[in-house]
Amino acid sequence: MREAKSFCRICAAACAVKMTIDDDERIVSIRGDRDNPMSRGYACFKGLQAEDAHHGRARLLHPLKRMPDGSFVEIPFEQAMDEIAAKLDAIRARHGANAIAGFNGTGSIMNVTASTMIPAFMKALGSTAYFSTTTVDQSAKYITLERLGGWAGGRPSIDTSDVAMIVGSNPLVSHSLTGCLTSDPTKRLKKAKANGLKLIVIDPRVTETAHYADVHLQPYPGEDPTIAAGLLRVILANDWHDADFCARFVEPGGVERLRQAVEPFTPEYVARRAGIAAAKLVEAATLFANGNKRGSVFFATGPSMSARSNLADHMLTCINVVCGRYRRAGDECRDVVTWRPLRDFREEVIAPVRSWEKTAPSRIRGAKIIFGEMMACNFADEILTPGEGQIRAVLNGSCNLVAALPDQRKVVRALNELDLLVTIDPFMTPTAKLSHYVIPPKMQYERADLPIAVFTLCFTPESLGAYTPEMLKPPPGSEVVDDWRVYWGLAQRLGLNITYEGRAMDMTRTPTTDELIELITRDAVVSLDEIKKHPGGTVFDLGVKVNPTRPEATGRFDVMPDDIRAELAEVAGEAVRVHSAPRAFTHLLAVRRLRNVWNSVHQMVTVRAKYPYNPVWVHPDDIERLGIVAGDKIEIESDHGRIPAIVEADASMKPGVVAMSHAWGDLPDSEAAYENGGSNTSLLITGEKYHEPINSMARLSGIPVNLRRLPNHPSA
Ligand SMILES: Nc1nc2c(c(=O)[nH]1)N[C@H]1C(S)=C(S)[C@@H](COP(=O)(O)OP(=O)(O)OC[C@H]3O[C@@H](n4cnc5c(=O)[nH]c(N)nc54)[C@H](O)[C@@H]3O)O[C@H]1N2
Ligand SMILES: Nc1nc2c(c(=O)[nH]1)N[C@H]1C(S)=C(S)[C@@H](COP(=O)(O)OP(=O)(O)OC[C@H]3O[C@@H](n4cnc5c(=O)[nH]c(N)nc54)[C@H](O)[C@@H]3O)O[C@H]1N2
Ligand code: SF4
Ligand SMILES: [Mo]
């Protein structure tokens with residue numbers, strides 16, 4: 001028996017944990033580490049299922065190859081690598097490197113060596129077909145950064161704010177509101193409130209987070225552009241914006257153009273559309289902007305999954321811009337990514353560059369390559385559409401493609417068309433079932449790692465420094481590998497030269513995971529040696545401050561560019577309650593995450609025991625109106641598909657809005673019963689009927705649906 005300290009990498013919260021590991025290399029207990037200054041003993045149910053995840057019966061322990069009859073046989077790792085490399089070589093010779101795609105799924109995004117090796121491999125291969133789940137998540141944020149501009153100084157944390165506005169995020173459940181609330185969210189929020197924080201929440205549900213709100217707007221999903229425009233109208237009409245900040249940092253004339261563009265969005269108009277009270281909208285604008293306050297608007301998947309997600313993101317960010325709700329020169333920055341080079345926090349605008357206007361459009365829906373990535377919502381079409389650039393092979397690093405991408409039937413059709421699908425995943429997911437090879441990776445406590453960061457963007461609200469070595473060995477007799485080794489092994493066989501973290505690698509020698517981590521951290525703010533002195537991680541007090549504006553910094557926020565103005569005008573011209581068009585749909589289906597389940601990862605016995613399926617949450621009044629009772633099985637129908645669901649009464653829902661969590665269910669038309677594994681909402685969604693300009697993001701929330709009693713319902 002030994003005691004060990006590490007940190008959890010299921011989500012960005014990076015909670016520190018203490019584990020007891022027995023002599024057979026089994027985790028026998030795991031708990032939050034009270035000594036850690038950031039997570040302070042907190043760990044959620046998901047993180048505490050490590051024993052089941054690592055040693056449970058659902059875990060795959062050997063690479064698998066699919067046989068012509070559809071069955072899977074175990075295959076030694078090196079042999080799998082040889083066979084996969086031979087197939088890739090042939091595909092590359094015949095169709096070119098762009099016929100080979102790489103997909104960085106959430107399982108590998110949460111793994112520092114995997115998430116950095118996949119793009120390095122793709123570059124060495126010379127393929128631009130690189131995808132990640134970022135573009136079926138909050139890629140609107142990338143678009144806003146490039147269209148409106150960004151702020152190099154960062155935002156104030158809620159710990160030091162007078163006010164915060166949380167839109168379409170439920171961090172008390174998701175632990176994922178970047179820079180705001182991650183680990184131990186409830187205590188942190190309570191403490192901020194005790195220090196005087198006022199909270200505004202905009203969410204169709206009375207969420208766990210909304211319970212702490214001073215003002216809660218409970219709109220229909222999909223109305224964030226309208227609400228943000230309405231808030232901006234009230235703010236500008238009352239001159240509650242920060243005129244000095246705007247004069248220095250907004251394009252000349254920008255505020256005036258914004259003022260004109262939001263003119264149609266009167267409180268009454270917004271209220272009618274969004275299904276809220278006009279007075280409440282004014283109250284929210286007043287609480288946020290009236291007086292010289294500190295504090296920002298934060299938002300996550302609610303706005304980014306609904307219709308007009310790019311517009312919503314732009315308009316919500318404009319509230320921070322016109323109110324100048326950013327850190328200024330001299331302000332302290334307590335969200336430094338300690339294991340990377342120091343970010344230059346500055347009182348400056350990161351100028352909008354619209355890089356997508358400089359790249360050729362993709363073959364599908366004119367989508368662009370953004371930040372070096374192709375768009376995940378078009379993934380299936382990139383496989384199914386013949387011609388130059390058609391994808392024939394996919395190296396899938398831990399994305400449950402079948403569960404996570406819109407239009408499940410199309411995704412399945414596309415995966416079945418592939419000449420080669422390789423999936424790295426510890427579980428036999430629906431996507432693994434369609435793969436030619438399945439490579440099981442080491443699970444989190446078997447690999448050396450760092451917390452997640454995207455570039456120098458820190459996810460935690462404090463300057464966390466954490467490194468974990470391998471805490472235990474993989475199960476005896478198993479053959480599992482660090483994810484990055486798959487790409488490395490293929491690169492060696494294909495004769496590719498990988499440049500990793502700016503370093504040309506010696507391909508004749510396989511490095512260790514720790515050597516890769518040393519490369520990642522070689523210019524770190526805090527040295528890896530120093531970080532390693534704190535098992536499980538610690539918070540570093542670095543005294544980093546926002547630097548003053550440089551004279552040569554000329555970037556300005558572009559608050560009302562022509563494309564945004566045109567889209568906003570289109571919204572203003574829409575009939576009120578557009579969500580019932582084009583057919584008579586009675587409800588809107590919203591996204592919502594489950595407290596105890598991480599996306600599609602519900603194979604573990606302990607998790608299934610809590611949630612055998614994903615219910616549909618319906619307001620009791622709606623249940624009564626439909627002539628059904630809680631516990632009834634119904635059918636949910638959109639303009640694209642239908643899925644079964646069991647009704648759960650939930651008074652926290654807005655009447656007219658129902659919610660279901662994503663990434664459940666097996667393959668479509670499989671024998672698996674809904675009662676054991678749920679159903680997948682992506683069967684209701686298609687990018688063909690609705691998608692965003694630029695990034696082709698589909699509409700995953702606010703989907704018009706009908707709830708139907710099944711023919712055998714007692715009252716039917
Ligand atoms: N427990 C748990 N935690 C998770 C995950 C999980 O599956 N389970 N998934 C992780 C992932 S991948 C991500 S990206 C993050 C996401 O983190 P969050 O964005 O915080 O996700 P949710 O908790 O679903 O909160 C989204 C909220 O948006 C609301 N909403 C839906 N549609 C709209 C809309 O149109 N407008 C507005 N204003 N609100 C809307 C929903 O009611 C919900 O309360 O969570 C991560 N954390
Ligand atoms: N309709 C609808 N669709 C959505 C969403 C929605 O809200 N509604 N949300 C979207 C969002 S925000 C996201 S991020 C995606 C999520 O989509 P995915 O990327 O599919 O995310 P996960 O289900 O978290 O995990 C992917 C895989 O990682 C594997 N995995 C688990 N542990 C490990 C490990 O230790 N190592 C490795 N290598 N793999 C592991 C899991 O078994 C799983 O198959 O779904 C998106 N799709
Ligand atoms: S909040 Fe995230 S990091 Fe913390 S224990 Fe839960 S899953 Fe792990
Ligand atoms: Mo996500």
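Ile694 lies in the loop that runs between strand 27 (657–660) and strand 28 (703–709). Keep in mind that this is a predicted model.

**Positive phi angles**
- Most residues other than glycine have a negative phi.
- Ile694 has a relative accessible area of 16%; buried means under 20%, so Ile694 counts as buried.
- Ser398, also not a glycine, has a positive phi near 55°.
- The loop that holds Ser398 sits between strand 14 (393–397) and helix 16 (401–404).
- With a relative accessibility of 10%, Ser398 is buried.

**Ligand 3 and its shell**
- Ligand 3 takes up the space that forms the largest cavity.
- The residues around ligand 3 include Cys8, Cys11, Cys15 and Cys44, and among the others are Ile10, Lys46, Gly47 and His175.
- Sorted by class, this shell holds eight nonpolar, two polar and one charged residues.

- Four strands, in the order 11-10-9-12, make up an open sheet with parallel pairing.
- Strand 11 (215–217) and strand 12 (297–299) are the edge strands, each pairing on one side only.
- On average, neighbouring strands of this sheet are turned by 15° against each other, direction ignored.
- Strand 9 (residues 163–167) and strand 10 (residues 198–202) run parallel and are joined by five bridges.
- Val163 has Lys198 in strand 10 as its bridge partner.

Terms used:
Residues are numbered from 1 along each chain as its sequence is written. Chains are lettered from A and ligands numbered from 1 in the order in which they are written. This is a predicted model: local features need pLDDT of at least 70, side-chain atom pairs count only at pLDDT 80 or more; totals for chains, interfaces and linings use all residues. Side-chain values use heavy atoms; hydrogens and water are left out. A residue is near a molecule or strand if one of its heavy atoms lies within 4 Å of it. On a 1 Å grid over the protein atoms alone, a cavity is a set of points where a 1.4 Å probe fits but cannot get out, and a pocket is an open set with protein on both sides within 12 Å along at least five of seven lines; lining residues have an atom within 4 Å of a point. A molecule sits in a cavity or pocket if more than half of its atoms lie within 2 Å of its grid points. Ala, Val, Leu, Ile, Met, Phe, Trp, Tyr, Cys and Pro count as nonpolar, Asp, Glu, Lys and Arg as charged, and the others, Gly among them, as polar. Helices (H or I, at least four residues) and strands (E, at least two) are DSSP runs, numbered from the N terminus. Buried means under 20% relative accessible area, exposed over 50%, partly exposed in between (1.4 Å probe, protein chains only). Two strands pair if DSSP finds at least two bridges between them. Axes are lines fitted to C-alpha atoms, for helices over the stretch in contact, and angles run from 0 to 180 degrees between N-to-C directions.
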